[in-house]
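These notes record what I looked up in the structure, entry by entry. I begin with a charged pair and then turn to the sheet, the helices and the aromatic rings.

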Amino acid sequence: VALSRKIVKRRGCKLNVNKEKSAVLGPDCEDSGVDGRARGWYDTAKGGEGMGGDRPFEIIDYEERYKQALEDISLPWLLEYDLLEPVDLEMLAEPQRFIAGGGRVLLARWGDEIVGMVMVELQGGGQCELLKFGVKEAYREHGVGTALLEAALRAARDAGQKKAVLTSNHKLKDALHLYEKFGFEYVTYSDKWFQLSDIRMEREL
């Protein structure tokens, strides 16, 4: 069962944001397997994918030591655009489900800092979904997002996937423009796992 499909059934739980702008799941979510605060991703990397060239960063697989960085990357833009949902926190808390299912959690490392991320979920039937794509604001416009998408699509092909899909929101104009540059096309859909998403895109691999 794909992670996004499983988690969507628990959307009834409440989401709170405290004065420090940290997201906290309400008490009615305690049985979801998440212990409250949005944690990082608890799995060991399979090995890095350095980008080479003159880029001052590299693309690597998730490592447990980078768990705080994942919250640091995701929560700012989700909160800024008022797009944070309980399912987002559950995904960030359970990366082992993506990895165990053959997917990948890819990070952009600039020096000693993790500055970007994207998740690749295998959904069966040769289709995968790109999730939680984001880059820290200070590191945008340096090719980090492009490198992450390149690595994600390469990982999908290596896993034998034939199609990549993603969902987004019309507010995320920069991300949508980048998706368009990578050949993603807009499609209509009704099976929404994220209630605040209003855009779906896909492309053949």
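This is a predicted model: local features need pLDDT of at least 70, side-chain atom pairs count only at pLDDT 80 or more; totals for chains, interfaces and linings use all residues.

Entry 1. I then asked which residue forms a salt bridge with Glu58. The partner is Arg109, and the closest N and O atoms are 2.3 Å apart. I noted that Arg109 belongs to strand S4 and Glu58 to strand S3, so this pair links distant parts of the chain, 51 residues apart. Arg109 itself counts as buried, at 18% relative accessibility.

Entry 2. I checked how S3 and S4 are arranged. S4 covers residues 104-110 and pairs with S3 in the antiparallel sense, over 4 bridges. Within this pairing I found Ile60 opposite Leu107 of S4.

**Entry 3. The whole sheet.** I next asked in what order the strands of the sheet follow one another. The order is S3-S4-S5-S6-S7-S9-S8; these 7 strands form an open sheet, and their pairing is mixed. Which strands stand at the edges? They are S3 (58-61) and S8 (185-187); each has a single partner strand, so one side of each has no neighbour in the sheet. From one strand to the next I read an average twist of 30 degrees. As background I recorded that strands of a sheet pair through backbone hydrogen bonds, either parallel or antiparallel.

**Entry 4. Helices across the sheet.** Helix H2 (residues 67-80) lies across S4, S5 (113-124) and S6 (127-135), and runs at about 85 degrees to S5. Helix H3 (residues 86-93) lies across S5 and S6, at about 95 degrees to S6.

**Entry 5. Further salt bridges.** I asked how many salt bridges the structure holds. The count is 8. One of them joins the side chains of Lys132 and Asp88, at 2.8 Å from N to O.

Lys163 is partly exposed at 22% relative accessibility, and Glu202 is partly exposed with a relative accessible area of 22%.

**Entry 6. Aromatic rings.** In the pair of Phe133 and Tyr179 the ring centres are 5.8 Å apart and the planes stand at 50 degrees, which makes the pair tilted. Phe133 lies in S6 and Tyr179 in helix H6 (residues 173-181), so the pair ties together parts that are 46 residues apart in sequence. I then checked the accessibility of both rings' residues. Phe133 counts as buried at 14% relative accessibility, and Tyr179 is buried as well, with a relative accessible area of 7%. Finally, I recorded a cluster in which ring pairs link Phe57, Trp110 and Tyr139.

Methods. Residues are numbered from 1 along each chain as its sequence is written. Side-chain values use heavy atoms; hydrogens and water are left out. Two strands pair if DSSP finds at least two bridges between them. Helices (H or I, at least four residues) and strands (E, at least two) are DSSP runs, numbered from the N terminus. Axes are lines fitted to C-alpha atoms, for helices over the stretch in contact, and angles run from 0 to 180 degrees between N-to-C directions. Contact means heavy atoms within 4.5 Å. Rings of Phe, Tyr and Trp (its six-membered ring) pair if their centres lie within 6.5 Å; planes under 30 degrees apart count as stacked, over 60 as edge-to-face and the rest as tilted. Buried means under 20% relative accessible area, exposed over 50%, partly exposed in between (1.4 Å probe, protein chains only). A salt bridge is a side-chain nitrogen of Lys or Arg within 4 Å of a carboxyl oxygen of Asp or Glu.
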